[in-house]
Amino acid sequence: MAGYELRITAAAAKELDALPRKKDRQAVVRRILALAEDPRPPGCVKLSGVEGLYRIRQGRYRIAYTIEDEHLVVVVIRIADRKEIYRKDRLARSSQRTSPFRRDR
């Protein structure tokens, strides 16, 4: 299986950088990097209400992302605490700019 390209929205990158503990940030980064090999890992959930949106858990944080199988791209839309991730106004996929996900976050 060919690996997927990882991309992240500017908003999600900002949320990742704002995680308070370095240990949590590192765990979230590892979880995102694993999506390149398996974009639908055990435990991922397809969310209803927003077309093509998936969610994985990492501790108390949730990572919302979309998968573009035809282009082999995973786009991380949002990273937030489990209490805040499901706010519809923040989850709606916009035409927001994305950038390649860097391992050194």
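Visitor: Which helix has the highest mean pLDDT among the elements of the protein?

Guide: This is a predicted model, in which local features need pLDDT of at least 70, side-chain atom pairs count only at pLDDT 80 or more, and totals for chains, interfaces and linings use all residues. The pLDDT is the predictor's confidence in each residue, from 0 to 100, and helices (H or I, at least four residues) and strands (E, at least two) are DSSP runs, numbered from the N terminus. Residues are numbered from 1 along each chain as its sequence is written, and side-chain values use heavy atoms, with hydrogens and water left out. The lowest mean, 57, belongs to helix α3 (residues 88-91), and the highest, 95, to helix α2 (residues 22-34).

Visitor: Is Y65 buried or exposed?

Guide: Buried means under 20% relative accessible area, exposed over 50%, partly exposed in between (1.4 Å probe, protein chains only). Y65 has 0% relative accessibility, so Y65 counts as buried.

Visitor: Which strands stand at the edges of the sheet?

Guide: Two strands pair if DSSP finds at least two bridges between them. The open sheet has six strands in the order β2-β3-β4-β5-β1-β6, with mixed pairing. Those with a single partner strand each are β2 (45-46) and β6 (98-100).
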